[in-house]
Amino acid sequence: MGPEAVLAEVEAAGLRGRGGAGFPTALKWRTVLTHRAPELATPVVVNAAEGEPGTFKDRTILRHNPYQAVEGALIVASALGSDWIIFGLKGSFARERDRLRTAIDEITRAGWTDGVTIDLELGPDSYLYGEETALLEVIDGREPFPRVAPPWRHGIDELGDGASTASSLELSPAEGGNELPPTLVNNLETVSNLPAIIAEGSDWFRSIGTEKSPGTIVVTVTGAVQHDGVNELELGTPLREAIEIIGGGPRIGRHVTGVLSGVSNALLTADLLDTPLTYEDMASAGAGLGSAGFLVFDDLTDWVAVAHGVSRFLAVESCGQCLPCKEDGKAIADALDRLRRSAASADDFGVVTERLQSVVGGARCFLAQQHQTVVRSILEHFPDSFRAHADGVADPARAFQVAAILDLPGQRVQIDERQLRKQPDWTYDATDSGRSPADRINERLEEAEGPAAEVAARPTRPQ
């Protein structure tokens, strides 16, 4: 077909990114091509570092059909003239890693990868590893600390001496002058759609879904349902129907009172359960489709406990490069914990509302915005629950566990219970040191001889 024909077919298909934002895939490719480097080819990174609570889609794809992901990545490489593909997975994804390596080996022996190097980057379990720029940092041999937005910067190629952490990186110019190429990052589910689009055509892809959200999406449903599960559904399927198809509906004798799309979007209440699963409809409902990992809650839910669980998860996973995100986030989580236990001081409710205003100050990634959006939406929809705990009228509530999914061995997911022991400094010590992960890493680097050891294990660009 040739690169332009491939790009035009993907553009006509209307494929949108499945990593959460729903950005038009072809537009992303064209933007990267516009800023290509004169000498070096653009690297292609496939983001499979899935860690959004409630989401198990990318690992399900890799377990069932890793070949479509590898073939999809090769299609991206052909469209961008790339000779280098890197799959980013968490090091703990052993089963998925083995399936992917087997697929890559078989496809390589079949001759499909001629002229293209495919590497695997096995990164940390940190939530931020799945953030696009933090993933590039890990590939560069550094910690999963997001870079400054907007993303006008070089990609996974080194920027020169002294680039030891994300905070020391310089932005590259928006127009021209790039000796090093940008990097194309696509989610694994996104690239897994490409083989069928190219084989069957854009009209075939658009035969299901909606005009603005065509195709299918892999949906995870967990929580207050009859059973947890993952399934591929047509975009436009109502959320209520997705809960019935995948989760068997609410638990016997109970009714759904709210749904969260991971910890990235505002709460959807029961009156919005008929919202179609499209990017535009979910946004119109005041939430977002995200990575289509839905946490379902019923009438037995204590919403202060849920707010605390979300807040604690995000406060712990904040890297601390942006002080309000870390410190205000911890203050919100601590106050919500006291509210949950009906042991709040007189000003704890005020601490939550005030710090939700300031937590986003100077944020370089979306985590602080998530903290504000999700907790504020719960507070707005269920204010009576917060007041009852603040006044000591409500009984103390059990902690609600928010963590990434480790596995789906049967009808219930297994979550990462280590998250409950993880400290805000990213250790598992008995007590928190009070230092942010960014502070700890910078102190370690200052004690070392230089950044060379930090980047020694990074993948090597094809020669």
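What we have is a predicted model, where local features need pLDDT of at least 70, side-chain atom pairs count only at pLDDT 80 or more, and totals for chains, interfaces and linings use all residues. Residues are numbered from 1 along each chain as its sequence is written, and side-chain values use heavy atoms, with hydrogens and water left out.

Let's begin with strand β2, residues 84–90. Strands here are DSSP runs of E with at least two residues, and helices are runs of H or I with at least four, numbered from the N terminus. Is β2 buried or exposed? Seven of its seven residues are buried, meaning under 20% relative accessible area with a 1.4 Å probe, protein chains only. In a regular strand, side chains alternate between the two faces of the sheet. Here W84, I86, G88 and K90 sit on one side, with I85, F87 and L89 on the other, and both faces are covered.

Now its neighbours. From β2 the chain crosses through helix α5 (residues 94–109) to β3, a right-handed β-α-β crossover: with the strands pointing away from the viewer, the path from the first strand over the helix to the second runs clockwise.

Last, the lining of the second largest pocket: β9 (293–298) gives the most to this lining, with four residues.

Notes
Buried means under 20% relative accessible area, exposed over 50%, partly exposed in between (1.4 Å probe, protein chains only).
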